[in-house]
Amino acid sequence: MDDSTPASVQNGMDVDTPPSVTSTPAVFSLDSETFKKIHPTEYHRRFLSQGVRPDGRTLSRFRKAKITVGAITTAHGSAMARLGETTVVCGIKAEITEPKTGAPRDGFIVPNFDLPPLCSPQFKPGPPSELSQSISEYINRVLESSKLLNLSDLCIEEGRAVWVLYADIVCLNYEGNAMDAAMLALVAALKHVRLPTATFYEADNAVRVKEQRTIPLKLSRTPISVTFGVFDGQFILADPDIEEEPHLSSQLTVIIEQNGGLCGMLKPGGSALGQETLTSCLEAARTRATHILGILEGALAER
Amino acid sequence: MADRKRVTGPEKSVVPLLEPGSLSAFTFDPEKRKDGRNIDRIRPVFMKTGVVRQANGSAYLEAGKLKVACGVYGPRQTARSKISSRGILNCDFKFSPFSGGRRRAYIKDSQEKEYSLVLRQALAPAVRLDLLPKSTVDVFVQVLESDGSAACLAAAITCAALALADAGIEMLDAVAACAVGYFDSTICLDPTDEEETYQSGSLVLSYMPSLNEVTHVIQSGEIGTTTTIKALELCVDACAQIQSVMQQTLAATIKEKINGA
Amino acid sequence: MTQRTRPDKRHSPNEMRPFYCSSALLSRADGSVRFKSGDSAVMCSVFGPMEVKLRDEKLDKAVVEVIFKTAAGMTTTKERMYERIIRQTLEASILSGLHPRTSIRVTLQVLTDDGGILSTALNAATLALVDAGIPLRSLAASVTCMIDDTGELLLDPTAIELERSASVHTFAFDNVSEGTLANMSTGLFTVDEYMRCYETCRLAAVSVQQLFRTSSEGKVRREYG
């Protein structure tokens, strides 16, 4: 990663001057590290105008994804997903609860995404940040509305006992694009889940389970999240990392499944995106999703 | 009280009981521990530094099924109200919700608060806080999988000390910690979760091997003094072993940096 | 497209619910608006530009804060997600560079919720900003639509209609940019369905923009004669 781009800064930060032209008189020049600190937006702009990003990727290049399943033996299903350096772990624990009276056969799935202070200096101990709360909520919405799990599959005894799956996703290292990593870890962990056979005993109003965990979950589809960042309203950056995220004018998350159908689209405000841009993002998302699905299959086969 | 800042599920849920027949009968036998160890052996430990790139220093520790990660941020500026001539060490201990038998809530419970306090008490004597005026060092420990609460605490202390070293925070020595379970008259090093259910007491020792000094001891249960002394000796030996692994890990990290950079 | 009466007596799937707004309701707020779309009503108040806490202060722009409160008063992760979307949408419209080191606080209170509450809230926020005299680059108008389980597109659905949805789409458009400012879509849908919703909402947003215009014109006329 060579960032020896010379950065001559003229008084008044002349944005229009292409970086290759040194304008005279140059009042002072800065090394790239200092320039990055004092005017990060301009720093990124200089790279993007040349079609490349500070970490060496092209604008449409995603970071390398890696998935491992089954690391957490206390959980009924677990997976660790890495997107570049962003690392998240998802652990799914199954417990027993009473179903709601209005839906006596429906179990529950409770996803939560946490950004602990461990993963980045921007998160302090205390209540969860707005980012983690909104990601948790959006993941919850997607799981519910895409009917990923048939909740009646989680029924043990109608009206008396159902499974509740707590899917907790913890970020260990936050280097941008938590949504994609979180969805990936969650889906991988769900596919890894093995529930034990459960029987409801009327006599003591309790559920007892066999020791072996053998029953997998039936997922109706495999949703993959693909996020793009928009810089200055014009440059579309695939998989924005931590350096780029604070300076983006907008973000777009596409939740796409293996048949090309969509399970979600999220553009939480920011600069406008036209239809052609949306279409090209959807295309890129489809390609990326196919690639990720391949990696996912590979990881699950290794369990 | 429902945690309104998280997606909430049903109000109450329980861990299911095992079927009577399928219970793999576990009786504790000090001669034959489930993983084949002797009573004076600790679980083989694996350590790695630099796992959290965003942090100033970080470490990951694995001992059997136990998995702990730690990130250190600092020294960074202390809030105006708390400025002092000595640095402040802030420790935060958290079990991940999926780390144990029962799902843990995100809100800290009393055990996590206690362990946070123990972390600070065990590490503060070793850290040269006098060299960091007006600064705070934040230590965040996240337990990914727990296997024995006392062993988990010991692992957290060791992991945190390793992360502090990785962050380049000056210390008197790298603190190593280990746990012991008392089973009537037998003392077993590094008890697992299953073994812990049979113990009558436990001890966690945090020790600086190079200086032959103890930073922290916490014991629970009604134990005779001779037994305690024996346990302390066992722990001291184990801590020395643990520290050698810490040193190897740190040396390997430095070699990597020199060769790779 | 079958012509059938919708639960709230609308005849066309492409028809929006009647919407109204009344402004300057709160005497203490810099700007306040109550926006009603069918039976969904949101009250919005804007304070600003005003003093900002030092730790939140931005040196070159105003900080926009959004607080979203439900009718029942309990805030959960859902409200936080709405806050994030609304805040980032408004940040694109507000000329925050004109008021550095200040904060603009937008408080939204849901009065009644009959579906499409995010859209109603966003529209209320835009109008309240106008009422408060906050300088804006554009006006963001938001519309919700859904595709039901038969594949039919329904614009501005009510809560009852939403129960039968296969997918729900909320879009925000403004009057100067090409393209959508904000979007939240959930459910199962194809790319074609998505583009259909995009187009439908874009056209419908024009009528919301009309309301913005008449409301602003009326306000200017009232205040300046």
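Which pattern does chain B follow when it is read along the sequence? Select chain B, and its elements come in the order β-β-β-β-β-α-β-α-β-β-α-β-β-α, where helices (H or I, at least four residues) and strands (E, at least two) are DSSP runs numbered from the N terminus. This is a predicted model, in which local features need pLDDT of at least 70 and side-chain atom pairs count only at pLDDT 80 or more, while totals for chains, interfaces and linings use all residues. Residues are numbered from 1 along each chain as its sequence is written, and chains are lettered from A and ligands numbered from 1 in the order in which they are written.

Stay with chain B and count its four helices and ten strands. Of its 261 residues, 48% count as buried, meaning that 20 or more other C-beta atoms, placed from the backbone, lie within 10 Å of the residue's own.

Next, show both chains: 36 residues of chain B are in contact with 46 residues of chain A, a contact being two residues whose C-beta atoms, placed from the backbone, lie within 7 Å. On the side of chain B that touches chain A, β1 (17–18), β4 (66–77), β5 (88–95) and β6 (135–145) of chain B each supply at least two residues, and β6(B) gives the most, with four residues.

Now select strand β10 (residues 206–216) of chain A together with β1(B), which pair in the parallel sense over two bridges; strands pair if DSSP finds at least two bridges between them. Within β1(B), look for B:Leu18, the bridge partner of A:Val209.

How values were computed. A residue is buried if 20 or more other C-beta atoms lie within 10 Å of its own, exposed if 12 or fewer, and partly exposed in between; C-beta atoms are placed from the backbone.
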